[in-house]
Amino acid sequence: MPDGDFITLDRVEKVFDVRRKTGFLRSERRRVRAVDSLSFTVARGEMVGYIGPNGAGKSTTIKMLTGILTPSGGRLRVAGIDPSRERTRLAARIGVVFGQRTTLWWDLPLIDSYRLMHRMYRIPDGRYRENLDRCVELLELGDLLDVPVRQLSLGQRMRGDIAAALLHDPEVLYLDEPTIGLDVISKARVREFLRELNAERGTTVLLTTHDLQDIEQLCGRVMVIDHGRLMYDGPLAGLHEVGDSERTLVVDLARELPPIEAAPARVVKVEGPRQWLAFPASESAAPLVARIAAAYPLVDLSVREPDIEAVIAKMLQSMGDTPQPPPEQAEHVVS
Ligand SMILES: Nc1ncnc2c1ncn2[C@@H]1O[C@H](COP(=O)(O)OP(=O)(O)OP(=O)(O)O)[C@@H](O)[C@H]1O
């Protein structure tokens with residue numbers, strides 16, 4: 001199989017029929033088109049960000065890729081396997097981490113969850129031990145193995161969950177919000193681990209996140225989905241360009257000075273010796289910082305990223321797509 005076709009979606013659809021009671025004898029039937037003629041391919045070893053507004057269809061796509069949901073139409077393959085038909089065979093080749101849920105046993109020490117998975121998924125002993133040792137070392141889990149999962153902090157639990165998803169050496173890892181709620185240090189540790197995993201093992205990663213820095217630091221490619229349709233597929237810089245998004249440079253000067261001149265950056269706010277400069281997010285901050293440092297008495301500076309929702313909203317706006325709920329048709333029926 002060519003590498004470019006490791007994950008393939010060809011005009012995939014997912015329609016949900018939802019019934020809701022609206023009165024004593026009346027109910028309303030709604031058809032929600034969560035995924036709408038979605039086509040893309042992911043090559044083996046790629047790390048791809050999969051982003052979009054709430055309700056865009058991201059989780060539905062991931063659930064179809066794992067075989068939890070069956071598509072209503074179209075063709076979907078992961079490593080040549082039809083996920084919904086051969087879910088068990090596929091399970092041996094994929095790993096899944098949902099940031100908001102844990103696959104670990106709440107009351108058991110972390111190591112007991114891993115032992116149970118070792119048996120349940122029939123992971124060969126050598127492979128299990130090698131993968132566990134590696135995860136324990138890189139995710140710094142050594143002191144946590146005997147701690148019951150419910151006593152772990154969110155960041156520790158997340159690292160524990162990532163290790164659990166990797167014990168069987170999957171070729172693909174689906175990550176749904178892997179850094180949600182984590183502090184800066186835990187986020188950095190998780191990202192560093194994912195980078196190493198991808199570089200050393202060539203693990204393909206599909207990452208859903210609301211944190212732009214996850215994408216920036218991990219993904220060479222980003223796909224934006226809205227209303228179940230693919231709206232953008234390319235590098236993050238290109239996404240910034242399409243939406244004209246801006247980053248902010250916060251500069252602390254040694255004293256109060258007139259607004260800094262450093263086009264294309266422009267001063268958007270001044271408070272005493274601190275100035276805020278907006279500049280195109282598609283451009284590197286380094287040359288701008290170097291120019292300001294050479295011409296002004298600089299004490300400190302930091303770069304603030306736009307949030308992912310703002311970037312997506314601007315991109316969709318620039319494409320003439322106004323935010324609205326996913327396509328659905330409502331019909332009233334008497335039940
Ligand atoms: N089991 C279901 N039954 C009915 N409708 C569903 C079901 N699962 C998802 N939907 C609907 O499908 C649409 C897409 O939902 P999905 O969870 O895939 O979005 P998402 O992009 O993951 O959103 P979020 O960022 O909020 O998690 C939404 O309108 C949602 O209400």
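A crossing of two helices is called left-handed if the near helix is turned anticlockwise from the far one by less than a right angle, and right-handed if it is turned clockwise. Keep that in mind for the helix pairs below. What you have above is a predicted model, in which local features need pLDDT of at least 70 and side-chain atom pairs count only at pLDDT 80 or more, while totals for chains, interfaces and linings use all residues. Residues are numbered from 1 along each chain as its sequence is written.

Let us begin with confidence. The predictor's confidence in each residue, pLDDT, runs from 0 to 100. For the protein its mean is 88, and 94% of the residues reach 70 or more. The model scores are ipTM 0.97 and pTM 0.81. Helices (H or I, at least four residues) and strands (E, at least two) are DSSP runs, numbered from the N terminus. A contact here means two residues whose C-beta atoms, placed from the backbone, lie within 7 Å. Where pLDDT is low, the predicted coordinates should not be read in detail.

Now turn to the ligand. A residue counts as near it if its C-beta atom, placed from the backbone, lies within 6 Å. There are 13 residues around the ligand, and Phe-16, Ala-34, Asn-54, Ser-59 and Thr-60 come nearest. Strand E1 (7-21), strand E2 (26-42) and helix H1 (58-66) each supply at least two residues of this shell, with H1 giving the most, three. By class, the shell has six nonpolar residues, six polar and one charged; Ala, Val, Leu, Ile, Met, Phe, Trp, Tyr, Cys and Pro count as nonpolar, Asp, Glu, Lys and Arg as charged, and the others, Gly among them, as polar. Strand E2 also holds Ser-37, which has a positive phi of about 50° although it is not a glycine.

Next come the helix pairs. Their axes are lines fitted to C-alpha atoms over the stretch in contact, and angles run from 0 to 180 degrees between N-to-C directions. Helix H8 (residues 236-243) packs against helix H10 (residues 308-318) at about 60°, with axes 7 Å apart. H8 and H10 are therefore oblique to each other; angles under 35 degrees count as roughly parallel, over 145 as roughly antiparallel, 65 to 115 as roughly perpendicular and the rest as oblique. H8 passes H10 in a left-handed crossing. Here Leu-239, His-240, Val-242 and Gly-243 of H8 meet Val-311, Lys-314, Met-315 and Ser-318 of H10.

Helix H5 (residues 154-166) and helix H6 (residues 184-201) pack at about 10°, their axes 10 Å apart, which makes H5 roughly parallel to H6. Their crossing is right-handed.

Finally, a cis peptide bond joins Ala-263 and Pro-264, with omega about 10°. Pro-264 sits in the loop between strand E10 (246-253) and strand E11 (266-271).
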